[in-house]
Amino acid sequence: MEKLFRAFRVHKDDAGFRSGIEQLSISDLPEGEVTISVHYSSVNYKDGLASIPEGKIVNSYPFIPGIDLSGEVIESRDDRFQPGDFVLCTGYGLGVTHEGGYAEIARVPAEWLVSLPKGLTPFEAMAIGTAGFTAALSVERLQMNGLTPDHGPVIVTGATGGVGSMAVAILSKLGYKVTAATGKADETDKLKRLGATHVISREEVAQGSRGILGKEQWAAVVDPVGGATTGELLKSVKYGGSIALSGLTGGGKFDTSVYPFILRGVNLLGIDSVSYPAPLRLKLWQQLAHEWKPDQVLEEAVNVYPLEELPTALSTILEGKAVGRQVISLK
């Protein structure tokens, strides 16, 4: 008899949109070389969108969302992975075009997998997840464009969210002075424990500057929010500085002009964690397991939910109420 397992699945058909936990068999899984016993997944904004009918993430139903997973290999047709190996998967088509991590068993293409680095547990890998990987990629790109701690303060928008909180912790650990921008004033003390030197309101960041440019304030920006705030921050980046833009929770459009770019040499860096090349992906995960490990977030800014409470976690992130990271336990 084929083994059954639990999965959170969404449906959209003539009966309407609905979601919930179902029992599936391994034959229900999509094609892939490696079958995994999933121990943990996590909740990202994209997962929240995948759980609602108007989210425009999922194109084929029924579907298992979840853009992150970690766990143990139970079957493999690829020599790079053997039963008993611990692996993680983020990005590519997982949870978007290929059924994802909100299931006790998953099957994925081997080229999407990263062997779990020494220094990370499966739980820590998902506490970091796509959000932490995106934060690390943002920091890496800023450094590639010349950023060093002596250039001045770095501002992180959406600092209580997944990407933002991870970016605050990583930058602080690397010696940067970090200003955290947030709409949650009651989280100020927590942000300072994560490593923020200063905490300001998102309203202060979004205030319009008179004229084509504002005062030079920020050596760099980690921006997982997007929207109007991005346009304002461009006016206050120091000469030669950069914005690492990775999100759109604040909107998909912003107003700007050519002046920050042609008068101050500001760089706007697009951050894409989905298709980042596999060898570079492994290198960054190894950094996250060691010198870039966001210890403070892992210690005090992770909330764990069983699969049964996944709808609560998804609603929390869609409503903008999530603080830190939300991990889903499937063990």
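Five aromatic pairs turn up in this predicted model, where rings of Phe, Tyr and Trp (its six-membered ring) pair if their centres lie within 6.5 Å; planes under 30 degrees apart count as stacked, over 60 as edge-to-face and the rest as tilted. Here are two of them.

| Pair | Centre distance | Plane angle | Type |
|---|---|---|---|
| Tyr 40 and Phe 123 | 5.3 Å | 75 degrees | edge-to-face |
| Phe 133 and Tyr 276 | 6.0 Å | 70 degrees | edge-to-face |

Tyr 40 sits in strand S3 (residues 34-42) and Phe 123 in helix H2, so their pair ties together parts 83 residues apart in sequence. Helices (H or I, at least four residues) and strands (E, at least two) are DSSP runs, numbered from the N terminus. Tyr 40 is buried at 13% relative accessibility, whereas Phe 123 is partly exposed at 24%. Buried means under 20% relative accessible area, exposed over 50%, and partly exposed in between (1.4 Å probe, protein chains only).

Phe 133 belongs to helix H2 and Tyr 276 to the loop between S13 and helix H8 (278-289), 143 residues apart. Phe 133 is buried, with a relative accessible area of 1%, and Tyr 276 is buried at 13%. Ring pairs also link Phe 133, Tyr 276 and Trp 285 into a cluster.

A word on the numbers: residues are counted from 1 along each chain as its sequence is written. Because the model is predicted, local features need pLDDT of at least 70, side-chain atom pairs count only at pLDDT 80 or more, and totals for chains, interfaces and linings use all residues, while side-chain values use heavy atoms, leaving out hydrogens and water.
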